[in-house]
Amino acid sequence: MCDWQATPEMEYGRMNIGSRPSKRKPSGGIESLRAIPWIFAWTQTRFHLPVWLGLGRALSHALDTDPKNITTLRQMYNKWPFFRVTIDLVEMVFAKGDPRIAALYDSLLVSPEFKPLGVELRQKYNETRNNLLRVKFHSSEDCPFVMFWSRYKTFWLMGCVW
């Protein structure tokens, strides 16, 4: 098992959140972790890995297999409500995300031998975001929510750090 610690999951695990313990087995590793501290930890880092990683891999696979699949994905977005809502929700998560904050957590929590994994995941984040925008056939500037959030999130979340 990997000992890569890029989130404050351990700290969330010590908190009493909800009616059940954060782990199924107190001595267990990440495999025994319940969803709440796992999701909270990735949300705090503004990386939201559990939300986009699977979709990112699926979009990349579809587009790498045959570039003409972009037409099918756009038709799915325009004609299939479930797919449209899923893509729109992931786009909202990207609007709230900030890989710079995840990189800051990496610099503070991750041991040097695992830092390349964080770099690779941030590249996948950007690739997923770009593929998502290709499917929607627009840029993030076309979405008022994304523009508003992008403009103000750094100020709200980090103050004068950047």
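Modeller: Of the contacts in the protein chain with a separation of 6 or more, 70% are between residues 24 or more positions apart, where contact means heavy atoms within 4.5 Å. This is a predicted model, in which local features need pLDDT of at least 70 and side-chain atom pairs count only at pLDDT 80 or more, while totals for chains, interfaces and linings use all residues. Residues are numbered from 1 along each chain as its sequence is written, and side-chain values use heavy atoms, with hydrogens and water left out.

The protein chain has 8 helices and 0 strands; helices (H or I, at least four residues) and strands (E, at least two) are DSSP runs, numbered from the N terminus. Buried residues make up 38% of its 162 residues, with buried meaning under 20% relative accessible area, exposed over 50% and partly exposed in between (1.4 Å probe, protein chains only).

Now to the core itself. A nonpolar core is a set of buried Ala, Val, Leu, Ile, Met, Phe, Trp, Tyr and Cys residues joined through side-chain atoms within 4.5 Å. The largest one here has 22 residues, and those with the most contacts inside it are Phe47, Trp52, Leu73 and Val135. Two or more residues each come from helix 3 (49-65), helix 4 (69-79), helix 5 (81-96) and helix 7 (115-136), and helix 3 gives the most, with 6 residues.

Next comes the packing of the helices. Helix 3 and helix 4 pack at an angle of about 135°, with their axes 8 Å apart; axes are lines fitted to C-alpha atoms, for helices over the stretch in contact, and angles run from 0 to 180 degrees between N-to-C directions. The two helices are therefore oblique to each other, given that angles under 35 degrees count as roughly parallel, over 145 as roughly antiparallel, 65 to 115 as roughly perpendicular and the rest as oblique. Helix 3 contributes Leu59, Ala62, Leu63 and Thr65 to this contact, and helix 4 contributes Asn69, Ile70 and Leu73. By class, these are 5 nonpolar, 2 polar and no charged residues, where Ala, Val, Leu, Ile, Met, Phe, Trp, Tyr, Cys and Pro count as nonpolar, Asp, Glu, Lys and Arg as charged, and the others, Gly among them, as polar.

Helix 4 also meets helix 7, where the axes come within 8 Å and cross at roughly 70°, which makes helix 4 roughly perpendicular to helix 7. Ile70, Leu73, Arg74 and Tyr77 of helix 4 make this contact with Arg134, Val135 and Lys136 of helix 7, and these residues divide into 4 nonpolar, no polar and 3 charged.

Finally, consider the loop between helix 2 and helix 3, where Arg46 and His48 are found. Arg46 has a positive phi near 60° without being a glycine, and His48 likewise has a positive phi of about 50°. Arg46 is partly exposed, with a relative accessible area of 22%, whereas His48 is buried at 10%.
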